[in-house]
Amino acid sequence: MSVLYAIFVDPFAQMAAAPDLLAQAIWEGLVGGVLYALIALGFVLIYKASGVFNFAQGIMMVFAALTLVGLHEKGVPAWVALGLTIAVMYALALGVERLVLRPLVNQPDIMLLMATFGLTYFLVGFGELVFGGNPKSMITKELWLPQGAIDLHILGGTVTLQKLDIAAAAIALAMVAGLGFFFQKTRIGRALRAVADDHQAALSVGISLEQIWVVVWFAAGVVALATGIMWGARSDVSFALQVVALKALPVLILGGLTSIPGAIVGGLIIGVGEKLGEFYWGPLLGGGIERWLAYFIALAFLLFRPQGLFGERIIERI
Amino acid sequence: MNKKIILRGLGCALALALAAPAFAEDSIYVPLFTYRTGPFAGSGIGIADGMHDYLTMLNERDGGIGGVKLAVDECETGYDTKKGLECYDAVKPKNPVIVNPWSTGITLSLIPKAPVDKIPILSMGYGLSAAAKGEVFPWVFNPPITYWDGASEILKYLGGGSIEALKGKTIGYLYFDAAFGREALPFFQAQAKDAGFDLKLYPVAPADMQNQSSKWLDIRRDKPDFLIMYGWGAMNAAAIKEAVKANFPMEKFVSIWWPGDSDASSAGDGAKGFKELNWHGAGADYPAFADIKKLVIDAGKSRAAAGEFGGTLYDHGVYNSMLIAEGIAAAQKLTGKKVVTGEDVRRGLENIDLDAVRLKAIGLEGFASPLKLSCADHNSHSAAFVQQWDGAKWVKVSDRIPPASEKVQPLLDEAAKAYAEKNAGWPARTEACDNKS
Amino acid sequence: MFYREAGQFKTSYAADMAIFPIRQDRIGLALILLVAFVAIPATGDQFLLNTMMIPFLILSLAAIGLNILTGYTGLLSLGSAGFMGVGAFACYKLATYFPHVNILIWILVSGIASSAVGVFFGLPSLRIKGFYLVVATLAAQFFLEWAFARVPWLYNYNDSGAIEVSKATLFGVPITGPNATPATRYLVALTIVCAMAWIASNIVHGRIGRMWMAVRDMDIAAELIGIRLFQAKLLAFAVSSFYIGVAGAMMVFLWLGAAEPEAFNIDLSFQLLFMIIIGGLGSIVGAFFGAAIIHLLPIGLRALPAALGLDIAAATVEHLTFMATGALIIIVLIVEPNGLARLWQTTKRKLRVWPFPY
């Protein structure tokens with residue numbers, strides 16, 4: 001009986017008793033979710049256009065952030081470093097297309113997934129070789145990112161909103177809007193959607209697959225950079241961040257592999273779900289359940305919708 | 001299936017190649033297990049450079065120890081137990097006189113091997129606390145303080161001199177949820193029961209080091225009077241940042257000795273007031289450090305980045321190397337040999353006696369406090385002080401606080417006994433003792 | 001030239017279907033076993049045995065296990081390290097409760113515990129497929145890792161939270177713990193791995209193996225020809241986890257000597273996956289190739305600068321090793337997507353008809 005009480009009554013009583021903490025927990029969850037969603041967004045872009053499950057997205061995020069900070073450390077002004085980093089991400093996209101995707105065209109999905117594992121290892125070694133392995137602070141001030149916090153005195157307590165987190169949400173929103181515009185209105189965007197629908201049909205109407213791949217990997221690289229700046233500002237930039245990036249997997253699976261709104265909604269569900277779960281139910285199990293809760297949430301959804309919330313229906317034929 | 005044979009042949013060849021660059025007879029081989037890569041590199045790089053530079057300085061200034069050059073060799077572990085064991089097997093044929101695992105996990109794997117391979121283990125301020133018991137662990141040394149002593153010193157500091165004064169308070173324990181952070185847990189729990197304070201636990205999983213926000217929600221809810229941190233690698237910097245964000249009063253946030261200067265500085269002005277326990281002086285204002293600067297860093301023989309020299313982690317590394325050097329020097333004095341072996345160094349470490357005179361002689365007066373090890377006590381349970389971050393450097397804010405030995409010792413005895421019991425067939429000490437006192 | 005089957009006649013169907021139909025293959029295998037069982041332990045030094053061969057054997061066994069699941073049945077798994085951990089912790093618990101029973105028995109029995117956990121986490125596999133299944137196995141991985149750290153009963157309430165291996169003997173010779181010589185531990189590991197690889201080879205070449213492969217190639221079609229998907233998939237999870245669990249127990253008891261939960265983190269899962277990809281999906285010998293490349297190559301690379309007399313800092317070598325491993329994975333995928341095992345088969349086929357192309 002007391003177990004049932006601890007599971008079903010006590011957490012809600014706590015929520016009611018301290019609504020400010022509940023609000024804070026939800027806010028933290030949303031912010032974490034936005035960042036997961038941004039990583040997932042990079043995955044979705046690449047998966048849609050090339051069918052590659054890009055495991056290296058997490059490492060691209062760290063690599064981009066590390067390049068930015070590393071260049072700045074070597075004396076390059078912040079905004080120039082940002083430009084250079086974007087150039088590096090373009091070079092990376094070009095390199096990946098030439099050296100990895102093109103030779104592996106038409107291979108089964110799992111081979112391409114494996115190739116991105118290889119890319120992950122390569123980037124970890126390369127990044128540390130060039131910029132060193134010690135954690136670096138993100139150059140928030142130089143990039144005009146807001147600092148400090150807003151304290152809201154509501155709900156009988158204080159809810160602290162970090163300005164940085166608000167900026168992150170705004171950037172995420174802008175990025176999704178920008179991508180939406182890009183997909184709907186531009187020529188390359190349309191070509192991209194055509195490729196996503198049917199590779200061969202797209203080829204036959206004269207769309208260059210190679211060009212499209214470079215464009216999506218570059219777009220994913222830019223998304224990775226933005227994510228890296230935000231995560232890096234919350235905690236330092238180091239390869240330890242790559243573990244956080246794994247959380248994007250349940251987000252992605254939950255939202256559906258091919259859906260941009262899915263990535264966002266999935267991110268928010270996972271973010272809020274794991275925070276509330278850890279905060280209110282975690283103590284029952286000794287804490288730390290955040291590590292696996294996200295995967296179980298995703299799994300629970302999957303049992304009802306095996307293709308994810310917004311994924312394309314899987315039709316199997318013989 | 002010839003390929004396999006070829007592969008194995010290659011393996012053999014590689015193994016031979018590894019063993020080949022044997023070091024000259026008249027040098028002492030000191031391997032340093034370091035980690036400059038991976039998620040923990042942030043803690044590892046400073047330590048690695050400090051260790052390396054002090055030993056290099058001895059080679060440059062004095063021609064080694066007692067006239068014998070030290071062959072210093074770094075092996076990269078990445079803070080990974082498997083790679084650490086690989087390093088151990090790689091250095092073993094070269095007759096190392098000591099190993100510094102620099103990871104609690106690697107230390108635990110090596111402890112049973114030490115008596116068999118006759119290589120002493122020096123785990124400075126980490127590893128198995130119970131290893132302080134020289135009678136049970138003759139081959140393992142963990143000076144100058146165990147995590148349990150450190151915990152008691154922090155508690156005494158918070159209680160204004162006595163742990164009992166904490167009665168009725170709430171104390172949070174934010175720790176790295178692996179062998180390292182969990183080590184101090186039984187001690188805190190025992191004290192919470194005895195002294196009557198409320199202990200709240202905030203474990204941070206290695207995977208969530210940089211994603212601690214839910215722990216800090218817990219901290220906001222529980223509003224502990226004091227927060228104690230046992231963190232490692234990227235966790236320290238992230239925790240200090242989160243503390244700033246959560247408006248946690250910094251002067252009530254005390255850490256064990258691992259956060260480095262960059263961990264505190266990266267959180268900006270908000271980190272002012274953050275405290276940590278330390279057992280050696282801060283900065284680089286000591287004669288030995290001047291020698292390091294002149295002979296190693298300015299000579300381009302160090303890998304230390306600008307700003308790393310004299311930082312907390314670098315200083316930890318120097319202290320660690322000072323212990324190695326003193327162990328070897330003591331072994332030379334005891335045996336009269338110039339080129340000592342692992343067995344000699346084990347005896348040497350048991351006879352380390354760093355008094356004020358000796359500290360002055362090696363140019364570290366004011367940096368380290370006197371330290372004396374014996375056969376029974378492989379730790380010395382030193383006193384430590386609290387230092388506070390003022391936004392740019394660490395400032396000493398307390399006197400040296402001796403550990404609550406009456407509380408630590410029984411637990412250590414019990415833990416050492418339990419270890420020997422759980423590992424059935426643990427060898428009883430047969431090594432002779434040079435300083436029965 | 002020597003690899004010819006001229007003059008070797010098959011007189012029965014069984015002989016034709018044998019795994020090693022050619023005499024030279026059998027001789028080769030016998031030679032390898034001879035080298036492995038006699039030459040290596042007799043001549044190898046500690047570094048070769050402890051750091052190269054024992055881990056190589058253990059990882060090969062785990063890779064065989066994963067290959068049964070991923071290579072033969074087509075179920076992608078990233079939870080292998082977790083299942084290795086289950087084996088290790090089960091073995092540790094059993095060995096502390098019943099210290100008088102021989103440790104070898106517990107190493108094998110601990111596979112059953114891992115098997116049970118594997119089946120449990122395999123349950124969603126009927127409904128969830130492909131990349132989506134990865135999430136189920138990741139859930140297993142992270143949940144198990146958490147449990148190893150958070151359930152003190154599992155590590156006997158040790159202060160350090162790690163499990164330690166005590167001495168155990170077989171016929172009076174120590175086989176685990178610090179007193180066991182590397183050669184003994186190597187021979188124990190080799191015996192277990194050889195026996196289990198032989199069993200695995202028989203399973204996958206038989207009815208069960210064919211059933212798994214049918215499921216892998218197209219599960220709906222397999223269902224239509226009368227294979228019960230649920231049983232087939234769960235059996236694959238059970239057998240695979242058994243192998244992986246035994247490998248996990250061996251990893252702690254014969255190799256590491258003590259282990260923290262961190263030893264079973266996701267990196268190990270990735271490494272095992274690399275092994276079967278590089279070695280070849282759906283191949284027993286491929287698991288050995290993959291383990292050799294993924295485990296031994298970095299060791300070789302690390303030793304290279306010293307052997308060449310170059311003075312490169314240890315950390316730089318580590319970075320270069322990472323880069324080389326990553327590049328190698330990509331190169332292998334491009335050159336031979338079916339892994340080294342296929343390359344090996346192609347070579348053998350070419351040799352048989354050499355010097356003619358067909």
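1. Helix H4 (residues 80-97) of chain C and helix H11 (residues 266-279) of chain C pack at an angle of about 110°, their axes being 7 Å apart. H4(C) and H11(C) are therefore roughly perpendicular to each other. Angles of 65 to 115 degrees receive that description, those under 35 count as roughly parallel, those over 145 as roughly antiparallel, and the rest as oblique. Axes here are lines fitted to C-alpha atoms, for helices over the stretch in contact, and angles run from 0 to 180 degrees between N-to-C directions. The elements themselves are DSSP runs numbered from the N terminus: helices are H or I with at least four residues, strands are E with at least two.

2. From H4(C), the residues making this contact are C:Ser80, C:Ala81 and C:Met84, and from H11(C) they are C:Ile266, C:Leu268, C:Ser269 and C:Leu272. Contact requires that the C-beta atoms of two residues, placed from the backbone, lie within 7 Å. By class, the contact of H4(C) with H11(C) holds five nonpolar, two polar and no charged residues. Ala, Val, Leu, Ile, Met, Phe, Trp, Tyr, Cys and Pro count as nonpolar, Asp, Glu, Lys and Arg as charged, and the others, Gly among them, as polar.

3. The model is a predicted one: local features need pLDDT of at least 70, side-chain atom pairs count only at pLDDT 80 or more, and totals for chains, interfaces and linings use all residues. Residues are numbered from 1 along each chain as its sequence is written, while chains are lettered from A and ligands numbered from 1 in the order in which they are written.

4. Chain C as a whole has 14 helices and four strands. Its C-alpha atoms fill a box of roughly 65 × 60 × 45 Å along the principal axes. The radius of gyration of chain C is 21 Å, which agrees with the value near 21 Å for a compact globule of 358 residues. That radius is taken over C-alpha atoms, and the globule rule is 2.2 Å times the number of residues to the power 0.38.

5. In chain A, helix H12 (residues 248-255) and helix H13 (residues 260-281) pack at about 125°, with their axes 8 Å apart. H12(A) and H13(A) are therefore oblique to each other. Their crossing is right-handed; that is, the near helix is turned clockwise from the far one by less than a right angle, anticlockwise being left-handed. Among the residues that meet are A:Pro250 and A:Leu254 in H12(A) and A:Val265 and A:Ile269 in H13(A). The contact of H12(A) with H13(A) comprises eight nonpolar, four polar and no charged residues.

6. Also in chain A, strand S1 (residues 149-152) and strand S2 (residues 159-162) pair in the antiparallel sense over four bridges. Two strands pair if DSSP finds at least two bridges between them. A:Leu152 has A:Val159 in S2(A) as its bridge partner. The hairpin of S1(A) and S2(A) has six residues between the strands, and in it A:Leu155 takes a positive phi near 55°.

7. Chain B contains an open sheet of seven strands in the order S6-S5-S7-S8-S9-S12-S13, with mixed pairing. Strand S6 (198-204) and strand S13 (394-396) of chain B are the edge strands, each pairing on one side only. Neighbouring strands of this sheet are turned by 30° against each other on average, direction ignored. Strand S5 (residues 170-176) of chain B runs parallel to S6(B), joined to it by seven bridges. Helix H9 (residues 213-222) of chain B packs on the sheet and touches S5, S6 and strand S7 (226-230); the direction of H9 makes about 165° with that of S6(B).

8. Which element gives the most to the side of chain B that touches chain A? It is H9(B), with six residues. This contact takes 28 residues from chain B and 28 residues from chain A. The contact of chain B with chain C takes 49 residues from chain B and 44 residues from chain C. On the side of chain B that touches chain C, H1(B) gives the most, with 13 residues.

9. The peptide bond from B:Pro143 to B:Pro144 is cis, with omega near 0°, and B:Pro144 is found in the loop between strand S4 (140-141) and helix H6 (147-158). B:Asn95, in the loop between H3 and H4 of chain B, has a phi near 55°, a positive value in a residue other than glycine.
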